[in-house]
Amino acid sequence: MNTVIVGASAGLGRAIAERLAADGHALYLIASDAQDIEALVADLGIRFSIKVSGESLDHLQAGGGNLVGAGSVSSSRGRRTNSVYAAAKSGLETYFAAMRHYMAGSRCRVQFYRLGYIQTRMTFGQRLMFPALKPEQGADAIVKNLGRDLGAVYLPWWWWGITTIIRFLPWPIFKRLNI
Ligand SMILES: NC(=O)c1ccc[n+]([C@@H]2O[C@H](COP(=O)([O-])OP(=O)(O)OC[C@H]3O[C@@H](n4cnc5c(N)ncnc54)[C@H](OP(=O)(O)O)[C@@H]3O)[C@@H](O)[C@H]2O)c1
């Protein structure tokens, strides 16, 4: 089995990595310190003869790079139809805000998108209330923004207006909406 472990260089993550390596799993290990992760990759590869590789956040900080997150406009306000998805996207946005803070001063840039509708299999066959971007249009905007210290932005930008209305709709009205 193939397993990705984030936080693999110490503590519980390391113990899980060693246990899985002993059972012959292929591993991809991620941590913040390059030396730790390189040493662990070499150690597990030699001791257990498994397929193992890894990456550290140091590469992004020192070598430069981009950390790009795909959020959603759905996290602007929890609704009965989107509870798990919106909660996950809210958590992801908070994580990216923390990563932006963590990476400040480094050569890594963090961008997070509150995405509106996109014409992908996720929306295929659905009746959408607003126009959907082509995936290529989304990609174009995201690639143009690489290298920018952007924080969280709406894509397309006009979802800002829609989500602001939804967020501030008074509860007596909001609770009647079937959205
Ligand atoms: N489409 C929209 O209208 C819309 C709106 C707002 C936000 N978003 C967000 O935009 C992002 C991309 O959405 P999309 O519309 O492009 O989706 P998509 O067409 O369904 O593509 C999703 C991609 O993610 C991979 N994937 C799914 N689950 C995975 C998992 N557990 N581990 C690893 N890879 C996984 C899929 O590969 P496999 O098929 O191999 O799993 C596929 O390559 C998502 O985060 C989505 O929430 C989309």
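The second largest pocket of this predicted model has a volume of about 220 Å³. A pocket here is, on a 1 Å grid over the protein atoms alone, an open set of points where a 1.4 Å probe fits, with protein on both sides within 12 Å along at least five of seven lines, and lining residues have an atom within 4 Å of a point. Grid points are joined across faces, edges and corners, and a volume is the space filled by probe spheres set on the points. Of the 13 residues that line the second largest pocket, V6, I30, L57, Y95 and M99 are the closest to its centre. Strand 2, strand 3 (52-56), helix 3 (57-63) and helix 4 each give at least two residues to this lining, and helix 4 has the largest share, with three residues. Helices (H or I, at least four residues) and strands (E, at least two) are DSSP runs, numbered from the N terminus. By class, the lining comprises nine nonpolar residues, three polar and one charged. Ala, Val, Leu, Ile, Met, Phe, Trp, Tyr, Cys and Pro count as nonpolar, Asp, Glu, Lys and Arg as charged, and the others, Gly among them, as polar.

Where does the second largest pocket lie? It lies between domain 1 (2-61) and domain 2 (64-174), because both give residues to its lining. These domain bounds come from an automatic or database domain assignment. The centres of the two domains, taken over C-alpha atoms, are separated by 31 Å. Five residues from domain 1 and 10 residues from domain 2 take part in the contact, where contact means heavy atoms within 4.5 Å.

M99, one of the residues closest to the centre of the second largest pocket, is found in helix 4. With a relative accessibility of 7%, M99 counts as buried; buried means under 20% relative accessible area, exposed over 50%, and partly exposed in between (1.4 Å probe, protein chains only). Neighbours within four places in sequence aside, M99 is in contact with L57, L67 and V110. M99 and M1 are 98 residues apart in sequence, and their C-alpha atoms are 30 Å apart in space.

The largest nonpolar core has 14 residues, and I5, A17, L27, L29, L44, I50 and V52 have the most contacts inside it. Such a core is a set of buried Ala, Val, Leu, Ile, Met, Phe, Trp, Tyr and Cys residues joined through side-chain atoms within 4.5 Å. At least two residues of this core come from each of helix 1 (11-22), strand 2 (26-31) and helix 2 (34-48), with helix 2 supplying the largest share, four residues. Another core, of seven residues, lies apart from it and includes L67, M99, C108 and V110. In soluble globular proteins, nonpolar side chains tend to be buried together. Not counting residues up to four places away in sequence, I5 touches G13, I16, A17, L20, L27, Y28, L29 and I30.

The largest pocket has a volume of about 810 Å³. It is lined by 32 residues, of which S72, V73, S74, R79 and Y117 are the closest to its centre. Strand 4 (65-72), helix 4 (83-103) and helix 6 (159-168) are the elements that give two or more residues to this lining, and helix 6 gives the most, with five residues. The lining of the largest pocket has 17 nonpolar, 11 polar and four charged residues. S74 sits in the loop between strand 4 and helix 4 and counts as buried, at 10% relative accessibility. Beyond residues up to four places away in sequence, S74 touches R79, N82, Y85 and A86.

Some loop positions also deserve a look. Most residues other than glycine have a negative phi, and most peptide bonds are trans. L155 and P156 are joined by a cis peptide bond, with omega about -5 degrees, and P156 is in the loop between strand 6 (151-155) and helix 6. S49, in the loop between helix 2 and strand 3, has a positive phi, near 50 degrees. S49 is exposed, with a relative accessible area of 64%. D33 is in the loop between strand 2 and helix 2 and is partly exposed, with a relative accessible area of 30%. Leaving aside neighbours within four places in sequence, D33 is in contact with S56 and D58.

Residues are numbered from 1 along each chain as its sequence is written, and side-chain values use heavy atoms, with hydrogens and water left out. As this is a predicted model, local features need pLDDT of at least 70 and side-chain atom pairs count only at pLDDT 80 or more, while totals for chains, interfaces and linings use all residues.
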